[in-house]
Amino acid sequence: MGKTLEQLVRNNIRNLAPYSCARDEFKGEARVYLDANENPLNAPYNRYPDPLQLSLKEKISRIKGVKVPQIMLGNGSDEPIDLVYRVFCEPKVDNAVAIAPTYGMYGVCADVNDVEYRSVLLEDDFSLNADKVLAAVDEHTKVIFLCSPNNPTGNLLNSSEMEKILRSFDGITVIDEAYIDFASNESWTKRLAEFPNMIVLHTFSKAWGLAAVRCGMAFASEEIISYFNKVKYPYNVNALTQNLVSDSIDKIEQKEAWVKMILEERERVSNELKGYPCVLDVYPSDANFVLVKTNDAQGIYAKLVDEGIIVRNRNSVVLCGGCLRITIGTRQENDELLKILVTCK
Ligand SMILES: *Cc1c(COP(=O)(O)O)cnc(C)c1O
């Protein structure tokens, strides 16, 4: 305990004078805009978008119960993942700790930023052991990444183990909740006030059906979010994306109906698969995919490809030998998959 945010942030970022764009200087409505060297014709696409996406954030604020200054929007949640490194981790000096197996982008962004990445194996049942994670921390550890529900294992991490990390670690803890809409627990966003060094990530790419529009969300203290705003590209979320996401939030019942269908299908597909000869285990899932242990991941993967069905082969991932990660599709798509898998010996 006891490091201030100022001590955690890289010196160059703390001292950074951010780029000031025309739309930063004048906010509000005017009759004539001659400030940003835009073309006066071709409305509405001639104008630069709001760099802070305030009207979209108002809507997100209402559905998530998080205040606008505690929200950062990015070009997918991949953008805030990269920003965590750029804001907090000094290349060649600092390090980040993450669970394994987990989402690959934490490690890729560490490599891009020349930051050491330390993996700590989950238990055999994919549960989190806080003490093991904390044992990998040293004085140069700035960030711990926890993904819950975790990709590719599908399970929620135990919340009391997560809380132990949040309470014992004096750096930044990132909790990636990309799959939270498919889980039954409450989001960690409800506890932002309690943990000022926590960053929670959500995305429009999964439950909302908007992977193509690229919009991710980071929720954290106002101070952390203002560092993100200082470092991000000024117009990182384009106007088409802002408008489309905004319209989707107005139709939130659509998302809820999709989630309900996917959860029913997850149940049905999991139960079916459990009886198949080639299936050794179907791990419990809190996400929109299931991790399935088979007797021959390579062979089954290749057979599915032959039939025009693509799943994710996780055979070579730590703790995932023999495993395929199968996204839950429509009922018809899932039936096509099951029809092939039932014949595998
Ligand atoms: C899919 C996924 C994301 C989403 O990334 P976007 O850049 O928002 O599309 C984030 N984290 C995890 C663990 C994921 O599986």
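The largest nonpolar core holds 41 residues, and I60, L128 and F204 have the most contacts inside it. A nonpolar core here is a set of buried Ala, Val, Leu, Ile, Met, Phe, Trp, Tyr and Cys residues joined through side-chain atoms within 4.5 Å. Buried means under 20% relative accessible area, exposed over 50%, and partly exposed in between, with a 1.4 Å probe and protein chains only. Helix α8 (residues 159–168) gives the most to this core, with three residues. Helices (H or I, at least four residues) and strands (E, at least two) are DSSP runs numbered from the N terminus.

This is a predicted model: local features need pLDDT of at least 70, side-chain atom pairs count only at pLDDT 80 or more, and totals for chains, interfaces and linings use all residues. Residues are numbered from 1 along each chain as its sequence is written, and side-chain values use heavy atoms, with hydrogens and water left out.

Start at I60. Beyond its neighbours within four places in sequence, I60 is in contact (heavy atoms within 4.5 Å) with G65, I71, L73, F204, M217, F219 and I249. Another core, of 32 residues, lies apart from the largest one; C89, I172, I199 and F228 are among its members.

Now take Q53, in the loop between α3 (22–25) and α4 (54–64). Q53 counts as buried because its relative accessibility is 1%. A polar atom of its side chain lies 3.0 Å from the backbone oxygen of P51. Not counting residues up to four places away in sequence, Q53 touches L73, K232, N236, V237 and Q242.

Next, the ligand. It is surrounded by 14 residues (a heavy atom within 4 Å), the closest being Y179, T203, S205, K206 and R214. By class, this shell has five nonpolar, five polar and four charged residues. An N or O atom in the side chain of Y179 is 2.6 Å from a ligand oxygen. A polar side-chain atom of T203 also lies 2.6 Å from an oxygen atom of the ligand. S77 uses its backbone: an N or O atom there lies 2.7 Å from a ligand oxygen. The protein covers 94% of the 390 Å² of accessible area that the ligand has on its own.

Finally, the backbone. The A100 to P101 peptide bond is cis, with omega near 0°. P101 is in the loop between β2 (95–100) and α6 (105–112). The bond from N151 to P152 is cis too, with omega near 15°. F126, not a glycine, has a positive phi of about 70°. F126 is buried, with a relative accessible area of 2%.

How values were computed
Polar contact = N/O pair within 3.5 Å; in protein donor to acceptor, adjacent residues only side chain to side chain. Areas by Shrake-Rupley, 256 points an atom, 1.4 Å probe, with all protein chains shown as cover. Nonpolar A, V, L, I, M, F, W, Y, C, P; charged D, E, K, R; others polar.
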